[in-house]
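Subject: Structure handover

Hello,

I am passing on the structure we discussed.

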Amino acid sequence: MKVSLTVNGSAIETEILPLLRLSGFLRDVLGLTGLKEGCCEGECGACTVLLDQKPVNSCLMLAFQAQGHEILTIEGLGKADITGLQQAFLDVGAVQCGYCTPGMVLAAEGLLRANPCPDEGEIRHGLAGNICRCTGFETIVQAVFSESAVRQGMGR
Amino acid sequence: MNQISCRVPLIDGVEKVTGALRFTADMNLDGLLHCGLLFSPRAHARVAYVNAHAALAVEGVRAVFWHENTPAHHYNSSIWFAGQDALKDERMFAPVARHIGDRVAAVVADTEEIARHAARLIAVEYVDLPPIFAPEAALTHAGHALREDDIPTFRNPVADEVFIHGNPEAGFAAADLIVEARITTPRSHHCAIETHACIARPEPDGRILVLSPCQSVFAVQAVVAQALNLPQEKIRVMKTPIGGSFGGKAEPILDPLCAFFALTLRRPVVIRYNRHETFTATRTRSSVTGRMRIGLSSDGRILARDTETLVDVGAYCTGGNYLPSSMLQRLVRLYDVPAERYRGRAVYTNTTPSGAFRGYGSPQIHTVAEITLDIAARRLRMDPVILRLRNLVGPGAIEPLQGLDVGNARGRDCLMRGAAAFDWSARWQIGTGAGRWRRGVGVAAATHINGCYPGFHEETTATLRLLPRGRAELVCALHDLGCGADTTLAQIAGETLGLRACDIVIVPADTDTCPYDLGTRASRMTYICGEAIRRAGTVLAAAIRTAAGLELNAEAGDLRLAAGAACRPDGSGLTLAELAGRLFARGADLPAATETYRAQANPGSYAAHFAEVEVDTLTGRVRVTDYLAVHDVGRAINPMLVEGQIHGGIQIGVGYALYEDVAIDPLTGRMRGDSFSRYTLANASVMPPMRVLLIEEGEPTGPFGAKAVGEIATIPVAAAVVNAVNNALGTELTHLPVTPERVLAAMNL
């Protein structure tokens with residue numbers, strides 16, 4: 001079947017199998033391997049992408065369901081340079097092995113787009129669907145907090 | 001100090017945060033073939049007949065492998081080097097499946113989808129054999145003759161370790177109080193977010209290249225050589241980026257299969273396990289049943305201790321025979337116990353094998369010991385912090401097992417500083433509150449090793465060389481598991497050379513280009529590899545100063561290396577890039593230094609953790625509401641990364657206390673917690689805010705005073721949390737994880 005969607009700002013129209021997952025489409029067909037797969041059942045959040053600005057588990061969607069929608073993967077987040085949010089992750093040590101990081105960054109980005117000024121509880125709740133086995137989430141929460149302050153114009 | 005004690009961001013962080021870093025599953029080699037494995041649905045069964053016709057008929061299938069057409073060499077996937085003495089009981093595909101999830105067959109095909117589809121078409125006839133699931137039952141099980149040569153491979157116990165120090169009978173006779181507890185620790189899973197994967201590629205010269213997210217390329221080489229009965233030099237192993245391991249990727253599980261398929265089919269092959277396979281067909285933390293008896297004087301001195309442990313190693317020995325002695329080694333380093341008796345046994349069962357997992361026995365034994373000690377404190381009506389302070393070892397103590405000096409052991413500082421920062425004496429009280437929600441606080445102490453001395457060949461070789469652009473290359477067979485070891489070690493190298501961590505170019509571990517190293521395990525990276533690198537850096541710095549002295553017409557001893565330059569006392573000088581450029585232009589060798597460091601000591605790292613919990617007495621749910629971790633790290637090379645290790649260790653420990661259990665069904669041997677939806681991990685919303693305090697008193701034998709932190713971070717957590725629950729409820733919960741059902745059952749006793 002045919003699907004047309006926007007991925008990282010580029011319009012794509014292509015022939016796909018009806019049962020192809022969105023995660024498989026993005027990774028295997030488009031080669032966007034920044035998207036990671038950790039469980040394929042929507043529990044770990046490693047495959048998080050933004051669908052029309054909102055975080056979704058791309059393993060739980062079929063590619064055709066993205067028809068007409070706009071997808072953002074980690075590859076599309078910073079155009080030339082890394083974003084402030086990504087820099088914040090690095091600065092506070094919110095990255096260790098790096099496997100959950102792309103999904104975590106996108107979940108955080110989606111959270112900040114929906115709620116520019118979250119409190120700690122809202123950050124923790126917003127990231128509850130993304131599992132990190134390295135950091136205990138402490139520095140991830142800090143990174144999101146610090147980026148939210150920057151976006152509020154409060155400096156880092 | 002320009003690099004030490006600095007919060008340097010990961011030197012490979014940008015690739016990680018942008019998703020540009022290619023993990024094994026992200027790599028696409030020309031002509032890559034894919035695998036789908038078939039796993040045993042039976043806990044113990046002879047694989048009587050394999051019919052692969054239907055699978056082979058599928059378009060795109062290249063081959064089907066099972067026990068009859070793969071090497072029958074027995075191997076042990078836990079060995080670290082060729083010739084290591086270990087019980088060889090594993091095969092690529094066994095004629096007898098020993099656990100649900102044991103490998104029975106594999107399909108290699110053009111795509112993973114085809115391979116997985118075809119694997120389901122393989123018809124297998126099983127002849128069931130009696131399984132054993134309970135370790136207690138396994139103890140009395142003499143063994144089956146399972147191999148064709150009738151050699152029993154199920155000889156229980158696989159280890160029986162006895163240790164006696166002092167006079168335990170006299171100690172117990174003199175005791176004012178004797179407490180006894182039986183503690184069970186669960187079988188937990190590593191849950192690295194990257195599932196297991198491996199690539200093997202046949203090379204034009206007839207060798208095989210294995211690309212593996214591993215903890216030691218040399219261990220992979222040794223295991224593949226043993227499994228395929230090939231000379232080691234035929235196998236080249238390169239480490240790929242690793243998306244978390246925690247010990248789960250310490251043993252090469254896929255690598256022998258992958259290498260054999262690639263050699264046989266003369267095509268590169270990838271094996272990627274999915275989450276379910278990673279749960280059921282790799283390794284877990286061994287479960288331990290511990291009985292501990294402690295005799296104390298009324299003022300809280302431990303007079304005697306008697307411990308029995310029973311370790312369930314699962315279906316294959318792997319390194320499980322070391323576990324009882326590993327647990328003993330860590331047990332005797334924490335408290336000054338004048339009389340000790342220990343017996344540790346390990347048994348096979350028909351369950352998923354156990355293997356290395358962060359702490360290697362330490363979380364199990366310290367959970368047993370610290371929960372028992374807390375029960376003793378309650379019976380003595382004594383503050384558990386004070387009880388621990390009465391007994392903790394101090395600097396320079398000699399542990400009774402191996403006679404090793406524990407070094408600058410600062411466990412007391414951890415407890416005292418932590419108790420003050422946590423406001424322990426105000427928050428701790430005997431007796432439970434009223435109402436639905438009860439609060440309690442708990443404490444636990446722990447110790448862990450620094451490397452393998454004196455057990456293994458504990459040495460490593462580091463080479464540092466000046467590069468033409470004024471940076472330096474580091475060769476030391478390093479495997480950063482995500483903990484930031486590369487960054488930490490680059491800081492150590494940079495400190496000696498006046499360079500920044502990001503100026504150190506780390507050559508990824510490769511059996512062809514790196515000298516032998518035991519790998520990332522046993523909390524040895526910073527302490528052992530760091531010291532080798534510090535020494536190589538010191539020698540290279542002297543060589544650079546000599547070369548710069550000739551260029552600058554100055555005494556080498558007057559020059560200082562800083563900010564990428566060799567400087568005279570007045571600040572003038574030349575950059576290392578200029579120096580390298582001049583030497584290079586002249587055809588002179590660029591300075592390099594190689595140093596081998598052989599460990600002379602194995603000091604202890606120490607920690608004290610403090611937890612506050614809130615228990616809902618209606619539902620039995622426990623929530624950790626506050627957490628403080630205090631660690632004796634000697635010196636933090638990178639405090640940010642040290643704190644990160646501790647934060648992550650707490651997450652694993654909170655799960656160990658409250659949620660995590662693969663829960664082998666006692667009747668069928670099936671793993672119930674075999675996916676993220678059936679195995680609960682602490683997520684961002686349940687993790688408490690965490691505070692970390694570091695005690696930095698310096699370890700004389702460590703590089704810049706540093707000691708290990710990676711494994712110890714997770715060791716005291718479960719006991720601190722369970723002790724807090726028992727404090728909140730006045731219970732004596734001893735079976736982990738402390739699930740709501742167990743909490744409610746204990747309250748209703």
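This is a predicted model: local features need pLDDT of at least 70, side-chain atom pairs count only at pLDDT 80 or more; totals for chains, interfaces and linings use all residues.

Residues are numbered from 1 along each chain as its sequence is written, and chains are lettered from A and ligands numbered from 1 in the order in which they are written.

Chain A has 5 helices and 5 strands (DSSP runs numbered from the N terminus: helices are H or I with at least four residues, strands are E with at least two). Starting at the N terminus, their order is β-β-α-β-β-β-α-α-α-α.

The C-alpha trace of chain A spans about 45 × 30 × 25 Å along its principal axes. Of its 156 residues, 56% are buried, meaning that 20 or more other C-beta atoms, placed from the backbone, lie within 10 Å of the residue's own. Among contacts in chain A with a separation of 6 or more, 60% join residues 24 or more positions apart; a contact requires C-beta atoms, placed from the backbone, within 7 Å.

The contact between the two chains takes 40 residues from chain A and 42 residues from chain B. On the chain B side, helix H1 (13–17) and helix H17 (639–658) are the elements that give two or more residues. H17(B) has the largest share, 7 residues.

Regards

Methods. A residue is buried if 20 or more other C-beta atoms lie within 10 Å of its own, exposed if 12 or fewer, and partly exposed in between; C-beta atoms are placed from the backbone.
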